[in-house]
Amino acid sequence: MKKIYFYTFIILCLIPLAGTFINNETETRENKTAPPLFVTENGLNSDYTAELDNWYGKNFGFRTYLIESENSLYEAVFKQCLSADVIIGREGYLFYGETLNDFRGRGLMTDEEIDETADFLKEIQDFCTASGVKFLFTVAPNKNSLYPQYMPYYYKEDKTNGNALRLKAALLERGVNYLDLFEVFETREEVLYHKLDSHWNNKGAALAYESIMKALGLEYEDYSDIPFSEEYNFDGDLYEMVHPLGSKKDKNIFFSKDFGFKYTSAVKDDNSNNSITTENSDKSGSIIMYRDSFGNSLLPFIAEDFGKGHFLKTKPYELNLIEEENADVFVIEIAERNIPSVISYKQ
């Protein structure tokens with residue numbers, strides 16, 4: 001009997017190793033080629049063991065199936081996620097792990113870092129003003145900042161001294177045109193973020209668009225007057241982290257509107273390209289907008305109202321584009337969790 005247990009244990013341990021070379025999970029693997037033992041210039045690869053360990057950890061056989069099984073079991077038993085990247089909240093809500101420090105008021109930026117960021121944004125606004133261009137900076141709130149009631153009870157919220165709140169004060173002190181989307185979303189009782197994703201849904205994106213246009217003093221379309229449908233066809237980024245083989249879809253909103261703008265650059269299905277250009281022959285004006293992943297769903301609403309649009313995720317902020325593209329508006333949108341990275345966009 002002991003031999004049976006022993007050999008069974010050995011076989012189970014060898015299955016992932018064997019599967020590394022025979023299974024068909026190629027679409028899930030980050031790098032299908034194992035690191036070389038020999039390097040042409042130097043003979044033996046001195047980093048071979050470390051590289052092999054890293055490669056195997058990402059490419060071992062049946063990796064996706066094992067991750068799915070382990071996460072599902074742990075979630076069912078403990079109502080938690082094994083990965084620190086995802087927090088399993090109440091009523092099926094998922095939250096991004098990287099937002100936890102903001103939520104609990106820990107590991108925040110220093111006062112010096114806040115001032116440096118505010119000074120940097122003031123410099124950008126001054127440049128825009130001198131160029132006759134309207135400037136706006138805004139922050140997309142973390143989901144748990146707006147809907148803390150769905151966070152696990154054992155995480156206590158502390159929003160008294162957060163990065164967003166302190167940066168807002170510093171920006172207003174310097175006269176920077178800042179749009180407070182926290183206040184905008186908090187006026188709505190309806191949850192405007194995806195349940196299984198870290199971002200706002202299309203109705204939330206429409207609200208952000210209207211608020212941006214209003215803050216810029218520009219005309220905008222009121223999407224509250226446009227009929228919409230609800231469909232469960234959205235792939236939640238947080239759900240996919242926990243359940244790589246799962247099939248559950250999130251709800252999204254689709255407005256009954258034919259958008260008139262066109263893409264003038266190659267675009268992925270989710271609008272996540274680092275640089276996207278658009279045009280709308282029925283509209284005038286030109287906008288340059290730096291954004292992050294929250295801008296993926298926001299982009300169509302903004303692009304619809306400008307003759308030309310340029311939407312970027314690249315570093316640094318290229319102010320020379322203002323003159324090159326004869327822009328009228330320069331907008332920076334960044335997620336609350338990414339506030340500390342704003343200064344990294346400095347040239």
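## Second largest pocket

H7 gives the most to the lining of the second largest pocket, with 4 residues. The model is predicted. Helix H4 (100-104), helix H7 (163-174) and helix H8 (181-186) each supply at least two lining residues. The pocket holds about 300 Å³ of space. It has 17 lining residues, and Lys 159, Ala 164, Leu 165, Phe 182 and Glu 186 are the closest to its centre. By class, the lining has 9 charged, 5 nonpolar and 3 polar residues.

## Largest pocket

The largest pocket has a volume of about 730 Å³. It is lined by 28 residues, with Phe 234, Asn 252, Asp 270, Asn 296 and Ser 297 the closest to its centre. Strand S7 (228-234), helix H10 (237-242), strand S8 (250-255) and helix H11 (295-303) each give two or more residues to this lining. The classes here are 12 nonpolar, 10 polar and 6 charged.

## Nonpolar cores

The largest nonpolar core has 45 residues. Within this core, Phe 185, Trp 200 and Ile 302 touch the most other members. Elements giving two or more residues include H4, strand S5 (134-140), H8, S8, strand S11 (286-290), H11 and strand S13 (329-335). Helix H9 (202-215) is also one of them. H9 gives the most to this core, with 7 residues.

What does Ile 302 touch, leaving aside residues up to four places away in sequence? Its contacts are Tyr 209, Ile 212, Ile 287, Met 289 and Phe 311. A second, separate core has 32 residues, including Val 139, Val 176, Phe 182 and Tyr 290. Phe 182 is also among the residues closest to the centre of the second largest pocket.

Technical notes:
Residues numbered from 1 in each chain as written. Predicted model: local features only at pLDDT ≥ 70, side-chain atom pairs only at ≥ 80, totals over all residues. Heavy atoms only, no water. 1 Å grid on protein atoms, 1.4 Å probe; cavity = no way out; pocket = protein on both sides within 12 Å on 5 of 7 lines; lining within 4 Å. Points joined across faces, edges and corners; volume = space filled by probe spheres on them. Nonpolar A, V, L, I, M, F, W, Y, C, P; charged D, E, K, R; others polar. Core = buried A, V, L, I, M, F, W, Y, C linked by side-chain atoms within 4.5 Å. Buried < 20%, exposed > 50% of the residue type's maximum accessible area, 1.4 Å probe, protein only. Contact = heavy atoms within 4.5 Å.
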